[in-house]
Amino acid sequence: MTIHPKILEIIGSRGIVEEMMDEFFSSKPKLAYDPFLLANMREGVDSLLDAVDAGKRIVIYGDYDVDGITSTALLMKVIGTLTGNLTYYIPSRLDEGYGLHREAIDRIHEDGGEFIVTVDCGSSSAEETAYAHSLGIGTLVTDHHNMSEKKAEGIIINPRLAEDGYPFKGLAGVGVAYKLALAISRERKIPSSLMAEMLEFATVGTIADIMPMVDENRTIVKCGLRSIHLGCRNKGLRELIDRSALDYKTLKAGDISFGIAPKINASGRLGDASLGVRLLLSDDEQEIRDCCNELIEANRERRRLQDAAYDKGCDMLDDELAKGDFVVVEINDSHEGVLGIVAGRLREKINRPVVVISRSGDTYKGTGRSIPGVDLYSMLDKYRDSFISFGGHSAACGFTIDADSIGKLRKDLNRDILALEEEEPKLLDEKHLSDAGIGADDIDLDLAEALQMLEPCGKDNEVPVFVIRNAQVSGWRFLKDDDKMARFSLVTSDGRYIDSVIFRNAAEAYEAVTSGKVDVFCNIEINNWRDVRKAQVIAREIVPAGTE
């Protein structure tokens, strides 16, 4: 296999050694582990099949994001081949919040539910699983989140369990659900065509949940994308791809991240996550079209609400930055379901950790996003006793807190971030990161095609970022009558013009361009237009030459 020198440079910097290359670049990867290596898998399968054989009413209890929705649909389809006494329950993001709840268990009990299988949640639900057991409801928890000191009663299948010896800890919730389905297929006959379709679900959920695109996840996603490319077995997913102006035959991980996942997510953000489950479970063409229409409209509304809340947040940034570098922005009268995205956009704008809070009566709900080098979970975990509820990880968090406590929390967090800055003075400096330098003369179709070998890209295997130093820009024009996006050309030493585009912050980039030569941080892609294939530069940042 001949590999472009720039690809070798990139994978070398990412720790991909020679003996790993065949598997990494294979179109038919084989890096997959026996599902029974997961702790408690044997007991979990046995308990679930005992419930099936006893004719018990089984409830798949999911989460309201894409990972939870795809996990729920996956187990509904697989277990549905064994029993018709099956339903699902997804809590409302707005009314119930994340995880297993006593009130939901009561509803399940009233509806005759006798055995709950959680997906993408439940590992820390000690009181809730105990309550279910007190009602005579059996439980099987499948999850992938970090474990806390509290642990659910009964059987837990989670690669992050302390006693778990599974070789890969980075599975998504849908990855764990898929491994459960594989284990079930060892014991009962599940159609192979259905298991291929379930790989499509596992692919969408893994990408959407920003799981590391390495090891077994890379195998799951490659195989799932291949199934989609061959026609996409799931009718609902195929319709949503088509309605998103994407081509299923060439769909990439990035297309799912930015084109498919937000639409599935939108229903859960704004209200009813079951809409996404119904889309994936339906075989009725009219119902599928109706679900797509509702998801697309929900996503439009999500974007409108998100933009309005973001504008509110921007107006408050100067006042909050005057208080310190841990920014707590209060945005009331905005839809709670979009505030996490708003926190992320504000974080990108100011390169500071940001928590957006909204008041409801005597409490605040908060959702936060962090920057590299600032462990948000650790910072807030110090004040766990201040919260009514709290959870998250290094890059994101969510909490509920008494209104009287928010002022002290803000002061404490600003004090803590100041201490971090004293230890690391450049912690909050804006960083323009790149995988490799490249000259404009070296950008061609051969390189753009070679970069496709790195797909699927995602966390821990990001789309490569190149920096072009001292670049000359020509033919700048803004798009869509605004200053956010622009087209331009990069000029090579021999007078070639390389098509280029920037999709954000074009006005700031133009200021740099008019001052002289620039450094361009970019991705390099293939542009197909009227059967002509050529390399195209997608600029991420454009700064005056020599800025860093």
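The backbone oxygen of L428 sits 2.9 Å from a polar atom of the N351 side chain, and the backbone oxygen of D429 lies 3.2 Å from a polar atom of that side chain. Both are polar contacts, meaning a pair of N or O atoms within 3.5 Å, where within protein one must be able to donate a hydrogen and the other to accept it, and residues adjacent in sequence count only if both atoms are side-chain atoms. This is a predicted model, in which local features need pLDDT of at least 70 and side-chain atom pairs count only at pLDDT 80 or more, while totals for chains, interfaces and linings use all residues. Residues are numbered from 1 along each chain as its sequence is written, and side-chain values use heavy atoms, with hydrogens and water left out.

N351 itself is found in the loop between α14 (339-350) and β7 (354-360); helices (H or I, at least four residues) and strands (E, at least two) are DSSP runs, numbered from the N terminus. Leaving aside residues up to four places away in sequence, N351 touches I371, L428, D429 and E430, with contact meaning heavy atoms within 4.5 Å. N351 is not a glycine, yet has a positive phi of about 55 degrees. Most residues other than glycine have a negative phi, and most peptide bonds are trans.

Another loop, between α17 (445-451) and β12 (466-478), holds P456. A cis peptide bond joins E455 to P456, with omega about 0 degrees. D460 also has its place in the loop between α17 and β12, and shows a positive phi of about 70 degrees without being a glycine. With a relative accessible area of 43%, D460 is partly exposed, a class that falls between buried (under 20%) and exposed (over 50%), using a 1.4 Å probe and protein chains only.

Now for the sheet. Five strands make up an open sheet with parallel pairing, in the order β2-β1-β3-β4-β5; two strands pair if DSSP finds at least two bridges between them. At the edges are β2 (86-89) and β5 (155-157), each pairing on one side only. Neighbouring strands are turned by 20 degrees against each other on average, direction ignored. Axes here are lines fitted to C-alpha atoms, for helices over the stretch in contact, and angles run from 0 to 180 degrees between N-to-C directions.

Inside the sheet, β1 (residues 58-61) and β3 (residues 115-119) run parallel and are joined by four bridges. Y61 stands opposite T118 in β3. Helix α3 (residues 41-53) packs on the sheet, where it touches β1, β3, β4 (138-142) and β5, and its direction makes about 120 degrees with that of β5. Helix α4 (residues 66-79) packs on the sheet too, touching β1, β2 and β3, with its direction at about 175 degrees to that of β2.
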